[in-house]
Amino acid sequence: MPLLLALGLFAFAPAVFSQKNIDPKEIREKMQWFADAKLGIFIHAGIYAVNGIDESWSFYNKKISYADYMKQLNGFTLKKYDPAFWANLIHESGARYAVVTTKHHDGVAMYDTRMNALSIVKKTPAKRDMIKPLFEELRKHNIKCGAYYSLIDWSDYNYPAFLKDSARYVISKDYDRWNRFRNFFQGQINEIATMFNPDLWWFDGDWEHSAEEWESQKVRSIILSANPKAIINGRLQGYGDYETPEQNFPVTRPNYHWWELCMTSNDNWGFHHDNNWKTPYEIITIFVDAVANGGNLLLDIGPKEDGTIPDEQVNILKELGAWNNKHGEAIFNTVGGLPQGHFYGPSTLSKDSTTLYLFLHGKMNGPVMIKGLKNKVEEVTVLGSGAKLQSKVVGKISWSPVPGLVYIDVPASVADKYVTVLKVKLDKPLNLYKGSGGLN
Ligand code: GLC
């Protein structure tokens with residue numbers, strides 16, 4: 001029972017694959033590295049960085065004409081692109097995987113596609129593939145490589161939509177044309193699978209068509225026949241492996257087997273004139289919250305057209321990395337923590353649920369309290385400093401099954417500048433009291 005509780009999410013019906021007869025055991029094995037990874041870095045690189053405007057959406061929403069948007073092709077140089085620097089930085093952040101745009105909704109491939117001529121290799125001064133050298137550098141650090149791929153392609157003549165209120169044609173009236181588009185995008189998926197062998201596929205834009213129209217099942221099998229271990233995100237109309245809440249922070253623990261919060265570091269995915277940066281403190285607390293609720297964080301950066309990464313993003317990744325370095329034991333390879341109500345803050349558990357990690361935000365000091373813990377606390381230490389803290393049980397009534405309250409005194413001297421982590425060693429796997437007091 002306690003272990004089951006520790007692995008809480010397994011009790012819920014898996015949201016994605018259950019409907020589609022995909023073997024849950026196989027998926028669980030395949031998903032293990034992802035469940036343990038906790039942190040990924042999302043990279044939105046594309047020609048939109050030239051003017052610093054919304055990725056693809058700027059022409060779709062008519063903030064700029066399509067012709068002017070495409071003029072950015074002439075300014076995309078990658079002249080300072082240093083994939084080893086990117087990979088080192090991602091490694092330093094503590095991330096275990098990275099996901100990079102191979103093609104956004106604007107249709108511009110970031111690699112040398114043979115399916116059409118619209119790529120940074122053929123149409124920009126960069127004249128090079130951005131993906132392969134990055135995957136090579138990431139793999140040197142054992143970082144898993146993900147390919148973001150937009151199913152939507154607003155540049156392709158055979159794709160039905162173009163601008164927000166204009167349609168090129170209706171699929172049901174011209175199936176041949178839709179089939180030409182399907183051959184095109186599935187051909188690109190084949191290329192990406194063959195050229196880069198992604199560990200993870202991050203589809204986007206599935207909302208514009210149904211599973212039947214995309215042929216999602218076929219897309220899934222193209223990917224899995226190239227690499228049976230590849231993980232597919234949930235944006236494939238029901239044929240993915242995990243959910244991707246976007247810029248939305250769950251309050252209660254999501255009912256998904258696996259999920260990943262994707263989030264920008266300011267308010268935009270690509271490089272933008274936007275100084276609304278999230279602070280390292282905000283990012284670390286959001287990250288901790290996702291992990292405590294059983295999820296991952298996919299934190300986005302948007303490189304400039306020359307291939308450099310804005311200083312603010314470099315700083316965010318370094319600060320996150322320094323914090324992970326000190327507190328990684330409480331994050332990586334753990335499972336989601338105590339259900340709400342037992343501790344007023346986020347927590348995680350070791351996989352065997354004999355160690356509980358409590359996260360204390362900000363410059364707090366004074367005692368913290370755990371409610372309903374039936375276990376005996378063997379030892380409390382502060383991660384990174386090794387300081388041992390005193391704990392005491394308050395209010396235990398000898399004849400009652402209700403456990404007392406555990407108070408742990410936290411002196412200001414042990415505080416981390418962002419989030420302090422207490423490591424609570426339990427006598428046995430976690431055992432919680434969940435009643436409403438009284439005799440039960
Ligand atoms: C949305 C947007 C897209 C962005 C993505 C990242 O789906 O369409 O521009 O790349 O979110 O999650």
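Student: Which residues are buried in H7?
Tutor: In H7, Ile-131, Pro-133, Leu-134, Phe-135, Glu-137 and Leu-138 are buried. Buried means under 20% relative accessible area, with a 1.4 Å probe and protein chains only. Helices (H or I, at least four residues) and strands (E, at least two) are DSSP runs, numbered from the N terminus.

Student: What covers the buried residues of H7?
Tutor: The cover includes strands E1, E2 and E3 and helices H5 and H8. Contact here means heavy atoms within 4.5 Å.

Student: Where do these numbers come from?
Tutor: This is a predicted model, where local features need pLDDT of at least 70 and side-chain atom pairs count only at pLDDT 80 or more, while totals for chains, interfaces and linings use all residues. Residues are numbered from 1 along each chain as its sequence is written, and side-chain values use heavy atoms, leaving out hydrogens and water.

Student: New topic. How many aromatic pairs are there?
Tutor: The structure holds 30. Rings of Phe, Tyr and Trp (its six-membered ring) pair if their centres lie within 6.5 Å; planes under 30 degrees apart count as stacked, over 60 as edge-to-face and the rest as tilted.

Student: How are Phe-59 and Trp-154 paired, stacked or edge-to-face?
Tutor: Their centres are 6.1 Å apart and their planes are at 85 degrees, so the pair is edge-to-face. Phe-59 lies in helix H3 and Trp-154 in the loop between E3 and H8, so the pair ties together parts 95 residues apart in sequence.

Student: Is Trp-154 buried or exposed?
Tutor: Trp-154 counts as buried, at 0% relative accessibility. Phe-59 is buried too, at 1%.

Methods. Buried means under 20% relative accessible area, exposed over 50%, partly exposed in between (1.4 Å probe, protein chains only).
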